[in-house]
Amino acid sequence: MPTRAQGSFNIGLLFETQAAHHQQAFTLDRPFDIAPDRGVGWTLSGFARLVAEASGWLHASGVRPGDNVAVVKRNHYDIVLLAAAAARIGAFPAMISAEVPPKALRVMLDRLNPRTVLASPEVIRGALDDGVDLGGQESRIVSIGEPPADSDATPLDEYRDAPVPPASPVADDQPMIATHTSGTTGVPKLVVHSATTLCREAPRLERIRWAPWTPSAKDVVVNCTAFNHGRNVSWTSGVLACPSREIVIISEANPENVARVLSDRRPTLFEAHPNMYQLWEDIVRTHPEVFSRVRQYISTFDAIHPRTVRRFLNASKRRLPLWSQGWGQSETAVIAFSTYTRRSMRKFGPGNPALAAGGRRAPGSKVKVAGSAEQPALPRGEVGIVFVRSASRCVNYLGEEERWREKTAANWWNTGDLGRFDARGRVTLVDREVDRIPGISCIEAEGLLLERLDRAHEVVVLPNPQGLPVPVVSMPDGELSPDEWKRASEGLPPMEEPHLVSWDDIPRTSTWKVRRLELRERIVGGTEGFGTGKWT
């Protein structure tokens with residue numbers, strides 16, 4: 001990779017510098033919340049101008065170099081653009097999901113101490129209803145849209161005519177941005193990254209036109225993810241380095257919206273969260289033509305179940321469509337990955353637990369499975385905690401520095417995941433340590449149950465120290481006969497009778513992961529489990 005000037009990988013400059021080389025086309029599923037009158041068709045130059053304008057809005061609100069800025073808004077790619085605007089003028093943005101509960105959000109804002117809080121009206125309303133003040137002694141709340149009448153937020157429109165300040169981003173090796181972890185077990189951690197870790201090292205392979213997941217000039221790329229996640233900063237760095245025919249950005253993941261947006265365009269590269277793909281299996285049944293040209297599906301953030309992979313691969317009319325499953329964390333970016341084809345899915349058979357695998361380690365990453373960071377690696381086949389060394393590892397936890405230091409003992413990052421190496425040197429995830437159940441892998445059991453319950457939308461197996469593991473099942477019609485369950489659970493360790501819940505009643509994070517601790521408290525009656533939860 002060619003040498004670049006210090007600061008050139010900063011997200012605040014990426015749109016402007018890449019726009020000097022090409023004009024990537026973008027299509028949105030709906031207009032940006034920060035530019036509601038500018039439509040859904042954009043170019044890279046348009047994005048660069050919007051970032052510059054937004055840096056003027058922030059400057060007019062009082063933000064200066066070194067100040068912290070919170071971006072807390074409903075899901076759309078303009079979350080990334082607002083973060084870029086803050087970074088452009090040397091401020092430190094934190095991208096926070098609008099799905100974070102108000103009381104947890106207040107804890108995160110206390111850690112951040114922002115000069116300006118950019119928030120959706122819905123976020124402000126929810127905080128007011130919960131008695132939570134999003135502001136602070138030196139914070140200003142700016143509403144992206146008309147603020148609630150009883151709030152002290154300033155409408156963003158008051159700053160729209162502000163002049164654009166000169167760019168002054170921090171150096172590439174300095175803290176550039178904070179994103180946050182999923183928060184499946186409590187208040188999300190604010191993960192601090194530099195431009196080097198998140199924009200250069202994390203997407204290093206994606207910035208080179210050689211891998212199947214790298215866009216070509218003919219590709220139609222679709223991204224439907226949680227745009228507050230750090231993945232979308234590294235994704236931006238990657239896709240702007242390798243322009244495609246068109247990038248389609250989908251902010252609302254409900255099946256009706258996805259089918260509508262893709263009805264007149266056929267994607268070739270498609271990235272989404274595992275549980276989104278799971279929900280979209282109904283689109284495969286009703287609108288299979290939507291996926292007929294897909295050559296590569298990309299899935300990150302969580303384990304993916306075999307049934308889902310097979311259905312999407314079979315929907316493609318390509319001769320050899322691929323499914324790339326990445327395993328990583330907000331703190332590390334990708335650690336390992338696996339690629340599947342129709343043939344490999346048939347070879348492994350139904351319920352293949354390999355889909356829980358991290359697979360081969362990513363180039364530049366070192367991985368070991370051990371009892372602790374100081375201990376030597378366990379023999380292949382034995383289960384332990386997965387430790388990682390990577391150039392893309394985060395540089396801190398904001399406001400939780402001691403927690404970060406504990407997880408970097410002996411210069412190994414403690415992932416908090418339990419796993420093992422197989423005979424061929426691939427790492428297989430068994431469970432999160434906090435979710436572990438003696439004698440059973442939740443990931444494998446859930447995959448098998450989903451495979452056998454053909455109609456099920458979701459299956460979650462919860463630990464229960466007072467008795468048997470508790471399966472939670474979501475069926476489209478809310479019904480599951482005893483015979484169906486008996487056939488599905490045959491050969492698995494004993495479990496309680498299934499608890500039926502609707503898809504919408506399963507608590508989820510912004511990346512659609514299940515909030516297992518919250519679900520456990522609701523279904524089992526407490527949060528106690530077998531894992532320590534120390535490394536979450």
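These legends go with a few close-up views of a predicted model. Local features need pLDDT of at least 70 and side-chain atom pairs pLDDT 80 or more, while totals for chains, interfaces and linings use all residues. Numbering runs from 1 along each chain as its sequence is written, and side-chain values use heavy atoms, leaving out hydrogens and water.

View 1. Tyr277 belongs to helix H9 (residues 274-279) and Tyr297 to strand S13 (residues 296-299), so the pair ties together parts 20 residues apart in sequence. Helices (H or I, at least four residues) and strands (E, at least two) are DSSP runs, numbered from the N terminus. Both tyrosines are buried (under 20% relative accessible area; exposed is over 50%, partly exposed in between, with a 1.4 Å probe and protein chains only).

**View 2. A cluster of rings.** Ring pairs join up Phe15, Phe26, Phe32, Trp42, Phe47, Tyr77, Phe227 and Trp235. The whole structure has 20 aromatic pairs.

**View 3. Arg160 over Trp57.** The charged end of Arg160 sits 4.8 Å from the centre of the Trp57 ring; the test is NZ of Lys or CZ of Arg within 6 Å of the ring centre and within 35 degrees of the ring normal.

**View 4. Asn113, a non-glycine with positive phi.** Its phi is about 50°. Asn113 falls in the loop between helix H4 (102-112) and strand S5 (116-119), and is exposed at 55% relative accessible area.

Definitions and conventions: Rings of Phe, Tyr and Trp (its six-membered ring) pair if their centres lie within 6.5 Å; planes under 30 degrees apart count as stacked, over 60 as edge-to-face and the rest as tilted.
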